[in-house]
Amino acid sequence: MTNIFAKIATIAATSTALSVALAAGANNPAQAVDFNFNWLGNGGYSAVGSFSYDEATAPTIISESGSGATKFLQSLNVSFLDPSNNPLGTYNTVSGGVSQSDFFAFNFDTSTQKLFGPFDIAGGTGVIGEYFLQGTVGDSLFLRQDVDQNGTSITLDQNSGSIQVSKVPEPASIVGLVALGMLGLGSTLKKKQASC
């Protein structure tokens, strides 16, 4: 019987901690929203990555280009894989609100949650052998590799411009699911206590 009361006290403490965490999250207006994206070329090469921006300050259309401080994008990273899913390279094109690529191009509609227009990510720092994905979303996208210091590149794969984007679930919603699970556990313990 004492064991059941200890479990109930633990659940109550956990529930209180979760409530405080949820309230703190709700009172923080500056919150990054995260998206994953993936691209698959006709020849089986692929790109997977993610990007984030501050949901509270971002406009409907986010357009970024070139190196230096970005206007709204906080981060963007991408990894490239060959047709056997072996890693080719990973790049942090934008880190801490700063683009590392002179050729960076990114356009995103926050209302439809879709990429559009000119697109150029990864590479762009002049290092021989680096990979980059460039082209126009909805028209044609190419996975390329720099092969010399003169800016010559070769195309490894391409597709019709298709790239998928998906929003990463917010931590508050995940915490909410955990809280619901804890409430369910508490209900079960109350039933067991009543039967004792």
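1. Two strands are said to pair if DSSP finds at least two bridges between them; strands themselves are DSSP runs of E with at least two residues, numbered from the N terminus. In this predicted model, strand 2 and strand 5 pair in the antiparallel sense over eight bridges. Within that pairing, Tyr-53 stands opposite Leu-73 in strand 5.

2. Some conventions apply throughout. Residues are numbered from 1 along each chain as its sequence is written, and side-chain values use heavy atoms, with hydrogens and water left out. As the model is predicted, local features need pLDDT of at least 70 and side-chain atom pairs count only at pLDDT 80 or more, whereas totals for chains, interfaces and linings use all residues.

3. An open sheet of seven strands, with antiparallel pairing, has the order 4-7-6-5-2-1-14. Its edges are strand 4 (68-69) and strand 14 (164-167), each of which pairs on one side only.

4. Buried here means under 20% relative accessible area, exposed over 50%, and partly exposed in between, for a 1.4 Å probe and protein chains only.

5. Leaving aside its neighbours within four places in sequence, Ile-163 is in contact (heavy atoms within 4.5 Å) with Phe-37, Asn-38, Trp-39, Leu-115, Phe-119, Leu-133, Val-137 and Leu-141.

6. Strand 8 is mostly covered, with five of its five residues buried. Ala-105, Asn-107 and Asp-109 lie on one side, and Phe-106 and Phe-108 on the other. Strand 8 pairs in the antiparallel sense with strand 3 (residues 61-65) over five bridges, and Ser-63 stands opposite Asn-107. Strand 8 also runs antiparallel to strand 9 (residues 114-115), to which two bridges join it; there Asp-109 stands opposite Lys-114. The hairpin of strand 8 and strand 9 has four residues between the strands, and in it Gln-113 takes a positive phi near 60 degrees.

7. Two further residues have a backbone angle to note. Most residues other than glycine have a negative phi. Asn-85, however, has a positive phi of about 65 degrees; Asn-85 lies in the loop between strand 5 and strand 6 and counts as exposed because its relative accessibility is 55%. Ala-122 has a positive phi of about 75 degrees, but Ala-122 lies in strand 10 and is buried, with a relative accessible area of 2%.

8. What is the nearest side chain of opposite charge to the buried Arg-144? It is Asp-120, 7.2 Å away; Lys and Arg count as positive and Asp and Glu as negative, while His and the chain ends are not counted. Arg-144, in strand 12, has no salt bridge, defined as a side-chain nitrogen of Lys or Arg within 4 Å of a carboxyl oxygen of Asp or Glu.

9. Asp-54 is found in strand 2 and counts as buried because its relative accessibility is 14%. Asp-54 and Asp-34 are 20 residues apart in sequence and 9.1 Å apart in space, C-alpha to C-alpha.
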